[in-house]
Amino acid sequence: QGLALGLGLAGGAIPAVAATEYTPTVLSQRELTTLNALMARLIPPDEKAGGAVEARAYIYIDRALGGRYARYRTAYRDGLAALDQWAERAKFAGFAAMPAAEMDALIMRMETGGVAGGGFADGGRAFFNLVRGHTVEGFLADPMYGGNHDFIGWQVLGFNGVQLFYSAEAQALNGKDDRPQRSIADFGGEPLP
């Protein structure tokens with residue numbers, strides 16, 4: 001699986017997040033749905049691993065918007081609303097209801113700042129970069145922050161997480177470390193506020 005640090009666009013359905021699975025604390029349910037549709041295009045699942053939605057990067061982002069990333073709340077609300085408005089102008093019920101090819105075209109225009117008007121002052125570039133960065137963080141961060149569910153991101157990288165020691169064999173070039181992934185929380189750590 002290639003991490004979509006640019007775009008990792010893939011066809012297929014967008015994973016849905018059941019309303020009972022996670023209740024957002026900052027974003028609305030509609031905003032969460034729109035965010036998940038966008039994240040599913042940025043880091044999609046493949047045959048080897050889940051993507052950003054399966055890793056629950058949306059929980060990481062929603063929690064961070066309630067704390068250390070609170071300064072980005074307005075940017076998220078405005079950007080997600082703008083995506084839904086673009087979709088509605090194209091006669092869809094929202095961004096998440098758009099066909100994958102049309103989503104991808106809009107996302108690629110955002111990435112280059114090419115979405116004129118419609119709520120994106122800079123053509124969407126700043127919002128694209130903000131969400132992309134936070135999505136990657138949620139995909140790869142220690143699971144105690146809400147994302148990287150089941151260590152999906154770490155599995156993609158072959159990273160075992162927090163370990164107290166590494167054997168000489170594990171440290172060798174092309175060495176292998178078959179120990180299970182461990183979170184900081186496994187050692188009593190707690191998320192920063």
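Tutor: Let's start with a term: a nonpolar core is a set of buried Ala, Val, Leu, Ile, Met, Phe, Trp, Tyr and Cys residues joined through side-chain atoms within 4.5 Å. Keep in mind that this is a predicted model.

Student: Which residues touch the most other members of the largest nonpolar core?

Tutor: That core has 47 residues, and Leu35, Tyr76, Leu83, Phe95 and Phe127 touch the most other members. Helices H1 (29-42), H2 (57-65), H3, H4 (100-111) and H5 each supply at least two residues of this core. As a general point, nonpolar side chains tend to be buried together in soluble globular proteins.

Student: What is tyrosine 76 in contact with, leaving aside its neighbours within four places in sequence?

Tutor: Tyrosine 76 meets Leu27, Leu35, Ile61, Leu65, Phe127, Leu130, Val131 and His134. Two of those partners, Leu35 and Phe127, are also on the list of residues that touch the most other core members.

Student: Why does alanine 57 count as buried?

Tutor: The cut-off for buried is under 20% relative accessible area. Alanine 57 comes out at 0%, so it counts as buried. This alanine sits in helix H2, and beyond four places in sequence it touches Met39, Ala52, Thr135, Gly138, Phe139 and Gly147.

Student: What about arginine 56: why does it count as partly exposed?

Tutor: Partly exposed lies in between the buried limit of 20% and the exposed limit of 50%. Arginine 56 has 27% relative accessibility, so partly exposed is the label it gets. Arginine 56 belongs to the loop between H1 and H2, and its phi is near 60°, a positive value in a residue other than glycine.

Student: Where else is there a positive phi in a residue that is not a glycine?

Tutor: Aspartate 150 has one, at about 55°. Aspartate 150 is in the loop between H5 and helix H6 (152-157).

Student: Asparagine 148 is in that loop too. Is it buried or exposed, and how do you know?

Tutor: Its relative accessible area is 0%, which is under the 20% limit, so asparagine 148 is buried. Not counting residues up to four places away, asparagine 148 touches Ala55, Gly138, Phe139, Leu140, Ala141, Pro143, Gly153 and Trp154.

Student: On to the largest pocket: what does its lining have by class?

Tutor: Six nonpolar, three polar and two charged residues. Helix H3 (73-89) and H5 each supply at least two lining residues, and the pocket's volume is about 150 Å³.

Student: How is the secondary structure of the protein chain made up?

Tutor: Seven helices and zero strands. Of its 193 residues, 41% count as buried.

Student: And where is confidence lowest and highest among the helices?

Tutor: H7 (residues 168-171) is lowest, at a mean of 78, and H5 (residues 125-140) is highest, at 97. For the protein chain, mean pLDDT is 84, and 84% of residues reach 70 or more. Over residues 1-14, pLDDT stays under 50, although the model has 42 contacts for them beyond four places in sequence.

Key
Residues are numbered from 1 along each chain as its sequence is written. This is a predicted model: local features need pLDDT of at least 70, side-chain atom pairs count only at pLDDT 80 or more; totals for chains, interfaces and linings use all residues. Side-chain values use heavy atoms; hydrogens and water are left out. pLDDT is the predictor's confidence in each residue, from 0 to 100. Helices (H or I, at least four residues) and strands (E, at least two) are DSSP runs, numbered from the N terminus. Contact means heavy atoms within 4.5 Å. On a 1 Å grid over the protein atoms alone, a cavity is a set of points where a 1.4 Å probe fits but cannot get out, and a pocket is an open set with protein on both sides within 12 Å along at least five of seven lines; lining residues have an atom within 4 Å of a point. Grid points are joined across faces, edges and corners, and a volume is the space filled by probe spheres set on the points. Ala, Val, Leu, Ile, Met, Phe, Trp, Tyr, Cys and Pro count as nonpolar, Asp, Glu, Lys and Arg as charged, and the others, Gly among them, as polar. Buried means under 20% relative accessible area, exposed over 50%, partly exposed in between (1.4 Å probe, protein chains only).
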